[in-house]
Amino acid sequence: MAANEGVDAQINTAASIEYWNNVPATANGMLAMLGAYPWYTRIDLRGSRSFLARVRRLIPGCTTEGRLARAVDCGAGVGRVTEGFLGLVSEAVDAVEPVAKFTQVLQASALKREQKIIQDVYTMGLEDWQPDKAYDLVWIQFCLGHLKDQQLCELLQRCRAALTATGVIVVKENLSTHPQGQDMYDELDSSVTRTDDKFRALFDQAGLRLIASELQLGFPKTFKLLPVRFYALRKIN
Ligand SMILES: C[S@@+](CC[C@H](N)C(=O)[O-])C[C@H]1O[C@@H](n2cnc3c(N)ncnc32)[C@H](O)[C@@H]1O
């Protein structure tokens with residue numbers, strides 16, 4: 001077995017869900033210790049908005065102004081990303097999230113009840129989610145570490161099949177800084193932080209074409225945070 005294979009076998013879905021069930025159902029809770037730093041979410045959301053604007057300009061036929069018709073927030077938590085970003089760039093946003101106390105927050109939010117931007121909320125893990133609509137934007141952030149490699153690949157294949165003609169999948173995740181270039185297992189929330197190489201191999205395997213990738217810049221270096229990278233992915237054709 002290659003050095004970087006098999007780390008994902010340690011992922012235990014029940015342990016992950018138990019961990020997240022014990023986290024406060026707030027936007028700060030979604031970012032674990034980083035939630036204590038309000039600047040983190042501000043930089044993160046602003047970076048996502050600029051990255052998406054650049055990606056839309058790379059897609060032939062994609063509008064560069066105005067809102068997309070439908071996006072989905074994958075591993076949405078309590079909707080931090082939908083509230084601060086996706087709900088501003090898309091007319092409608094669905095959400096997939098396995099922890100019921102988080103989806104209750106989404107269901108009760110003004111974005112769902114009053115503004116009607118949040119539409120379907122699926123209380124389930126991404127490994128079980130079968131998209132049944134077409135999406136202009138599938139946004140997957142800070143949650144793929146809970147899926148094994150095979151589950152991740154199959155999820156991406158299902159998302160690929162659910163894209164509109166100008167649709168795009170964006171993955172935004174922490175990257176491993178393991179000195180020997182291996183994925184890192186974290187027993188705290190039973191998740192794996194993958195290397196850039198591993199992500200790219202899985203995107204290939206899922207039949208996706210990488211059209212843009214950037215590091216999220218702007219986090220102060222003094223905090224020694226894991227690098228965060230965006231990947232914009234489209235159908236191969
Ligand atoms: C670090 S939080 C990120 C939440 C949100 N994406 C954000 O950036 O604010 C990780 C989220 O992944 C969710 N999660 C755990 N296991 C999952 C799974 N199998 N499928 C989808 N999401 C999962 C957790 O419940 C939690 O809401």
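The model is predicted, so local features need pLDDT of at least 70, side-chain atom pairs count only at pLDDT 80 or more, and totals for chains, interfaces and linings use all residues. Residues are numbered from 1 along each chain as its sequence is written, and side-chain values use heavy atoms, with hydrogens and water left out.

An unreviewed UniProt entry lists G75, R80 and Q141 under "binding site"; such annotations may be inferred rather than shown by experiment. These residues span 67 residues in sequence, yet no two of their C-alpha atoms are more than 10.6 Å apart, so they gather at one spot. G75, R80 and Q141 also belong to the lining of the largest pocket. A pocket is an open set of points on a 1 Å grid over the protein atoms alone where a 1.4 Å probe fits, with protein on both sides within 12 Å along at least five of seven lines; lining residues have an atom within 4 Å of a point.

R80 lies in helix α4 (residues 80-89), and Q141 in strand β4 (residues 135-141). Helices (H or I, at least four residues) and strands (E, at least two) are DSSP runs, numbered from the N terminus.

R80 is buried, with a relative accessible area of 8%; buried means under 20% (1.4 Å probe, protein chains only). Q141 is buried as well, at 4%.

The side chains of R80 and T41 make a polar contact of 2.6 Å, and those of Q141 and D44 make one of 2.8 Å. A polar contact is a pair of N or O atoms within 3.5 Å; within protein, one must be able to donate a hydrogen and the other to accept it, and residues adjacent in sequence count only if both atoms are side-chain atoms.

How values were computed:
Buried < 20%, exposed > 50% of the residue type's maximum accessible area, 1.4 Å probe, protein only.
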